[in-house]
Amino acid sequence: MKNIKPFFLLILFGSCVFTNENLAPDQQTWNYALPNQFNLINDEFINLNEAILNDEYKNIQALVIIKDDQLIFENYYLDQQREDLNNIDNATNILTSIAIGMAIDDGYLISIETPIADLLPEYENELSNDSLKKTITIRQLLTHRSGLSWDEIVSENDLEEMMNSDDWVKNLLKKPLDAIPGGRYNFNSGASMILSKIIQNLTNETLSSYIDRRLFKALEIEEWLWTADPSGTTNATNGLHLTQLDFTKIGYLLLKNGLWKDQVILSENWIYESTTSQHQPSYSYSLGYLWFQFTEDQGNAPYNSKQTFYIPGQTGYHLYINPEENLIVSVGATNYFYRLFGPSYWLYFVIMDLHRDHL
Amino acid sequence: MHKCYLGLLLCFFQYVIIAQQADSLTQSKTNNFTHFLKKKNIGLTAFTGFDVTPTMENFQKQIRLDISVTHERLSLGVTYSSLLGVLKQYVIFPNTYRLNAQHGGVILGIRIFQSKWIKGYVNTAYHWGQMVWEDPVSKEYVFSSKSEGIKPEFEITIYPEFWLQLSAKVGYQQISKLDLPQINSADFSGFFYSLGLKLNLNNEKY
């Protein structure tokens, strides 16, 4: 009877359990779909992909497109991969806009009309050198109208000087006013450091800790890196590193009016207020609370993008949220040379043209 | 996955080697064993061939290997199948990946009729394994999912009086528990047919 052993061994081995690990698809957030499932033409997106590969859009590292809650395009270039953490540069600013909304939702902050002087007692000296400085409000910081002297578009002197100082908020608040607060627009990504410090004072935790607790954990963003200035204040100017998919999730939360898996993460009212135009500093864009919008001027508006809001990071990390098309376009790039409106910006226009061409 | 295939082969060769030992002691044991099998009407058969199964709105070949122990009209064995060919598809657009599928399991069968030239069987296989979207360049498994299935089939073998027979099968394959982007269990479920050779390895006179 023991000679029958080979047969039993045969059955035993043959029916062995497959031991390979099951790699679950990363579909917790979005299912995968093809562009042609949304009346788009696959080949045109292939052509776009080829153009990016041929560097026609200069140093694009990643492109993610979410359409009707489905991931319809995700590709990485220049040796980038899905899991790579990249610095989203001054697109980091937008987290302060979201954090202020959350602080209001959580009852830490009553109003964005609150003067920053009331929330930053440790900078009394810096705010005292001009009585008007004490009137700067959170709203003015959120709309780049603080009036603080600052230049990071023509030169980077002020940004560099701030980043070389020991206390970035102190460095900013020491700057003289070159306009009445609330008046002239002046793009100032450094001002987000003041908002970061305000969040820290309101919540007794750093901005990175607060955002992690309130936003990242809810969005299942597990891998991130966020630098701080030498004084320990979270670098809200340009310090956040995220994967492209996680960067995209932030836009998706706003597209879904703050709702994530049946949980309210950010109030709909704040999203509406912060993403609609508060003023129009340029013929080509208007501003919400650090979010940009397209103007409707002829030639400046991409197809069907009247309600679109976006954050144009200077290195090319752009996030476009288009409620009309239920669309997110998330671009990663290293295009510092082009500043805010470079190849990442053009890429969004091209993608919207692909929507228009195939109605 | 390859452990399964390797296991099958090792066992098969182990059996063949034992059966072909030439020294007198083993010869005697082998004769006794063969005699025992013959007396108990126990046989050993193998099937090797191709299943042509539904695969994402199309049909695709899978290599298939069955080895079964038979006793009178009944058979019990193991089955292994692996998707063949290059099936590439957009998964996370614009990137294409190659589908790789391997399953192993058990197969039960019963002979339902026989004539001089033809035998008919009804078999049912229960198999499990995994399907993966594989990066064709790096060979990395980008996504994988365990899956299982049941496969009732009708089989006829032709020329049953010889150790090598032609075998044809038709059946229905029901795959379940598949969770992969762009595909689901229904893409692999449906009627299939199969062609191959059946080998009477030992004493399979039924």
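1. For the helix discussed below, the expected span is 1.5 Å times one less than the number of residues in the helix, and helices (H or I, at least four residues) and strands (E, at least two) are DSSP runs numbered from the N terminus. This is a predicted model, in which local features need pLDDT of at least 70 and side-chain atom pairs count only at pLDDT 80 or more, while totals for chains, interfaces and linings use all residues. Residues are numbered from 1 along each chain as its sequence is written, and chains are lettered from A, with ligands numbered from 1, in the order in which they are written.

2. On confidence, the model scores ipTM 0.72 and pTM 0.81. The pLDDT is below 50 over residues 1–7 of chain B, a stretch with 14 contacts in the model beyond near neighbours in sequence, where two residues are in contact if their C-beta atoms, placed from the backbone, lie within 7 Å. Residues 9–24 of chain B also stay under 50, and for them the model has 17 contacts beyond four places in sequence.

3. Chain A is divided into domain 1 (28–84 + 245–359) and domain 2 (93–242), with bounds that come from an automatic or database domain assignment. The centres of the two domains, taken over C-alpha atoms, are separated by 25 Å. Between them, 21 residues of domain 1 of chain A are in contact with 21 residues of domain 2 of chain A. On the domain 1 side, helix H10 (244–255) and helix H11 (268–275) of chain A each supply at least two of the touching residues, and H10(A) gives the largest share, 4 residues. By class, that side has 12 nonpolar, 6 polar and 3 charged residues; here Ala, Val, Leu, Ile, Met, Phe, Trp, Tyr, Cys and Pro count as nonpolar, Asp, Glu, Lys and Arg as charged, and the others, Gly among them, as polar.

4. H10(A) has 12 residues and reaches 17 Å from its first C-alpha to its last, close to the 16 Å expected at 1.5 Å a residue. The helix is mostly covered, with 11 of its 12 residues buried; a residue is buried if 20 or more other C-beta atoms lie within 10 Å of its own, exposed if 12 or fewer, and partly exposed in between, with C-beta atoms placed from the backbone. Among the buried residues of H10(A) are Asp246(A), Phe247(A) and Lys249(A). The cover over the buried residues of H10(A) includes H11, strand E2 (60–67) and strand E13 (327–333) of chain A. Just after H10(A), Asn257(A) takes a positive phi of about 55 degrees.

5. Most residues other than glycine have a negative phi, and most peptide bonds are trans. Glu220(A), which is not a glycine, has a positive phi of about 60 degrees, and its place is in the loop between helix H9 (207–216) and strand E5 (225–226) of chain A. Glu220(A) counts as exposed because it has 12 C-beta neighbours inside 10 Å.

6. In chain B, a cis peptide bond with omega of about 5 degrees joins Phe93(B) and Pro94(B), and Pro94(B) lies in the loop between strand E4 (88–92) and strand E5 (95–114) of chain B.

Note on methods
pLDDT = per-residue confidence, 0-100.
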